[in-house]
Amino acid sequence: MRKKRHSVLKWSLTIAILTCIIMFGNPIEVEHVNAENQQKMISYQMKEKPIAQQEPTLTHENVVSLTNTFMDILVQDVDNDYRVIRFQTKDELLGAFEQVTTKEVAQDYVEFYYLEESDGMYILPTETPPWFIEENDYDMIPVDASTVKVIQENTTELYGDYKVEFEFTYDNGWKITDVNYHQFYV
């Protein structure tokens with residue numbers, strides 16, 4: 001009799017826990033992307049998430065395209081005096097970034113890398129920031145229905161070990177909405 005009560009209690013608790021999981025938590029996919037063959041290895045974490053939201057999926061191609069285009073815009077062609085050929089002002093350059101990022105994200109990069117003078121805009125001859133490396137693996141973590149965080153750890157000769165975190169948000173197309181760096185010191 002005691003064994004039977006224990007078994008009933010065990011099954012009742014199991015059913016109650018499963019019911020809670022189904023009712024209160026939907027799985028969110030955390031994808032580890034193998035950049036070489038673009039395979040996604042999915043692990044699940046329990047977190048509340050609305051069931052019926054159909055936002056477009058951020059793909060490896062989206063990530064590569066947006067990060068490459070960002071860097072292409074940041075590194076402008078210059079003349080022998082480092083004067084930018086295509087843009088005369090920082091505002092013009094910021095306008096070019098609108099296709100891939102927000103003005104707030106681009107502003108910090110433009111302010112750091114460019115000087116605006118009366119005869120045009122000049123790039124400071126320096127290295128580009130630590131950035132996304134297309135060939136390296138990374139994690140894609142959904143933040144909400146329209147936002148995904150991409151986290152990549154890299155090692156380069158110039159910067160050593162670092163982690164770069166991109167936030168991508170969908171609003172009639174994917175854009176980079178935040179970039180953060182973490183340097184690892186040995």
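Which helices and strands do the buried residues of helix 3 pack against? They pack against helix 2 (60-74), helix 4 (103-113), strand 3 (114-117) and strand 4 (120-123). Please keep in mind that this is a predicted model, in which local features need pLDDT of at least 70, side-chain atom pairs count only at pLDDT 80 or more, and totals for chains, interfaces and linings use all residues. Residues are numbered from 1 along each chain as its sequence is written, and side-chain values use heavy atoms, with hydrogens and water left out.

**The chain as a whole**

- The protein chain has 4 helices and 8 strands; helices (H or I, at least four residues) and strands (E, at least two) are DSSP runs, numbered from the N terminus.
- Starting at the N terminus, the order of elements is α-β-β-α-α-α-β-β-β-β-β-β.
- The chain has 186 residues, and 32% of them count as buried (buried means under 20% relative accessible area, exposed over 50%, and partly exposed in between, with a 1.4 Å probe and protein chains only).
- Taking contacts between residues at least 6 apart in sequence, 48% join residues at least 24 apart (contact means heavy atoms within 4.5 Å).

- Helix 3 covers residues 90-97, and its buried residues are Lys90, Leu93, Leu94, Ala96 and Phe97.
- Looking down the axis of helix 3, these buried residues fall within an arc of 155°, so they line one face of the helix (the arc is that of the directions from the helix axis to the C-beta atoms).
- The axes of helix 2 and helix 3 come within 10 Å and cross at roughly 165° (axes are lines fitted to C-alpha atoms, for helices over the stretch in contact, and angles run from 0 to 180 degrees between N-to-C directions).
- Helix 2 and helix 3 are therefore roughly antiparallel to each other (angles under 35 degrees count as roughly parallel, over 145 as roughly antiparallel, 65 to 115 as roughly perpendicular and the rest as oblique).
- Phe70, Ile73 and Leu74 of helix 2 make the contact with Leu93, Ala96 and Phe97 of helix 3.
- The residues of this contact divide into 6 nonpolar, no polar and no charged (Ala, Val, Leu, Ile, Met, Phe, Trp, Tyr, Cys and Pro count as nonpolar, Asp, Glu, Lys and Arg as charged, and the others, Gly among them, as polar).

**Helix 4 and its two sides**

- Val105, Ala106, Tyr109, Val110 and Tyr113 are buried in helix 4.
- Seen down the axis of helix 4, the buried residues fall within an arc of 125°, so they line one face of the helix.
- Glu104, Asp108 and Phe112 are exposed on the other side of helix 4.
- The packing partners of the buried residues of helix 4 are helix 2, helix 3, strand 3, strand 4 and strand 8 (174-184).

**Threonine 156**

- Threonine 156 sits in strand 6 (residues 147-156) and counts as partly exposed, at 24% relative accessibility.
- Leaving aside residues up to four places away in sequence, threonine 156 touches Ile133 and Tyr162.
- Threonine 156 and isoleucine 133 are 23 residues apart in sequence, and 9.9 Å apart in space from C-alpha to C-alpha.

**Two positive phi values**

- Most residues other than glycine have a negative phi.
- Tyrosine 82, in the loop between helix 2 and helix 3, has a positive phi near 70° and is partly exposed at 40% relative accessibility.
- Asparagine 172, in the loop between strand 7 (160-170) and strand 8, has a positive phi of about 60° and is exposed at 77% relative accessibility.
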